[in-house]
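Welcome! Please take a moment to look over the sequence and the fold shown here, and then we can walk through them together.

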Amino acid sequence: MTLISTKPSRRRIAGALLVIAPLLASAPAAAEELSVATFMPPQHHINKNLFGWFGKEIAKRSGGTLTMKLFPAGQLGAGPVQQWKRVVEGVADITFGVQAYTAPLFPRSMLIIPPGKSTTADESTKRMWKVYDRYLAQEYKAVKAMGVFTVAGSLIAATRDVSTMDGLRGAKLVPYAAMTRPIVQAMGAVPVQMPVTQMYTGLSTGTIDATYASFNNITPPWNFWDVARFVVGNVPVQFAATFVAMNKDRYQGLSREHRKIVDDISGLTMSLKGAEAFDGADRRSEKMMKSSPKMARVEWVQVSAAERAKMDAAVKRGLEALFADYEKRGIEDAREIYAAINE
């Protein structure tokens, strides 16, 4: 009697593997949903435009296997200050935040903030990325840096006229970052730190006299035009540095296909989309300001050429004090970084 073995031969196993392997290689990536946390109100253009674009892009490029869910207005943790901590610890997969709120972590990135040659978020963001690899990348090693971009603070919203150096003297002014304190002081004002979510109340109650602002801060959703008596233009432009970051472990845990999608739309691509969102919002808000009855109670003042020259001279004095402070903290290339950004 001939016995027939029920054990598969090595040849049969190898053949089966040859059939299965291509199928496994071509199998679609497992579905993934990324949580995105922002502190901005739901209607804010960053949520609608930047993350609206991001969500569509990843869904389209992945065939729907990579998606995102937005948690605006601090739903995954109230307040803007802890956004970096939330992404590092994985409270959210991705967060949008402001470097100035955790300034000690980003001393080099903060050098984009003081007035220089840029006047728009797009221009400033491009200058930042020109020096990113050489000077700034080291500050983002704890995360997958998806975007680093700016907001142009080209206005000052105030309850008193601060369009002159005399008007600035003694004014409690919120700059875009505490690191510009020497510049604000050189201009004669008193720097007061306050997150954007508290500025409306600060102007309303008199806690502050003025704050650096974008056009979009004046109109909804921030509505500074309700509490400011003056909107001052032609001021030395400050910038807010912002980031979109992804938790490093979450990024590494994605499939190779999904990581490539994230890589392809990160860096300068996402950063310019962020800058476009802010510049576009400013253009829309400026147009709105020119036609809205809300501006009837607000005086829109332009700094004269003579006063602007005085302000620019004060900025230069403040920068020297700022660079000296950096050197005391052991960051000896601050002047070099600022010069590279503004060359």
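Strands β5 and β9 run antiparallel and are joined by three bridges. One of the pairs to look for is Ala158 with its bridge partner Phe230 in β9. Please keep in mind as you explore that this is a predicted model.

On to the next pairing of β9. With strand β11 (residues 299-302), β9 pairs in the parallel sense, over four bridges. Which way do the residues of β9 point? From this strand (residues 230-233), Phe230 and Val232 point one way, while Val231 and Gly233 point the other way. All of them are buried.

## The six-stranded sheet

These strands belong to an open sheet of six, in the order β7-β6-β8-β5-β9-β11, and the pairing is mixed. At its edges are β7 (190-191) and β11, each of which pairs on one side only. Elsewhere in the sheet, two bridges link β6 and β8 in the parallel sense. Val174, for instance, has Thr211 in β8 as its bridge partner.

## Helix α7 over the sheet

Now find helix α7, which lies across β5, β6 and β8 and runs at about 145° to β8. Within this helix (residues 196-205), the buried residues include Val196, Met199, Gly202 and Leu203. They cover an arc of only 90° around the axis, so they sit on the same side of α7.

What covers these buried residues? The cover includes the strands β5 (155-158), β6 (172-174) and β8 (210-213), together with helix α8 (215-218). Just after α7 comes Gly206, with a positive phi of about 85°.

In soluble globular proteins, nonpolar side chains tend to be buried together. Here, the largest nonpolar core has 106 residues, and Phe54 and Ile218 touch the most other members. Leaving aside residues up to four places away in sequence, Ile218 touches Leu155, Ala157, Ala213, Asn223, Phe224, Trp225, Val231, Met289 and Met295.

Met289 leads us to helix α11, where it is one of the buried residues. Others among them are Met270, Phe278, Asp279, Asp282 and Ser285. Helix α11 (residues 268-291) has 24 residues and reaches 35 Å from its first C-alpha to its last, close to the 34 Å expected at 1.5 Å a residue.

## The five-stranded sheet

There is another open sheet to trace, made of five strands in the order β2-β1-β3-β10-β4, with mixed pairing. Its edge strands are β2 (66-71) and β4 (143-153), each pairing on one side only. From one strand to the next, the twist averages 20°.

Inside this sheet, strand β3 (residues 94-98) and β10 pair in the antiparallel sense over five bridges. Phe96 stands opposite Val244 in β10. Helix α4 (residues 121-136) lies across β4 and β10, and runs at about 140° to β4.

## A stop at Thr242

Our last stop is Thr242, which has its place in strand β10 (residues 238-247). Is Thr242 buried or exposed? Its relative accessibility is 1%, so Thr242 counts as buried. Not counting residues up to four places away in sequence, Thr242 touches Phe96, Gly97, Val98, Gln99, Gly147, Val148, Phe149, Thr150 and Val151.

Methods. Residues numbered from 1 in each chain as written. Predicted model: local features only at pLDDT ≥ 70, side-chain atom pairs only at ≥ 80, totals over all residues. Heavy atoms only, no water. Expected span 1.5 Å × (residues − 1). Buried < 20%, exposed > 50% of the residue type's maximum accessible area, 1.4 Å probe, protein only. Contact = heavy atoms within 4.5 Å. Pairing = 2+ DSSP bridges. Axes fitted to C-alpha atoms, helices over the stretch in contact; angles between N-to-C directions. Arc of directions from axis to C-beta. Core = buried A, V, L, I, M, F, W, Y, C linked by side-chain atoms within 4.5 Å.
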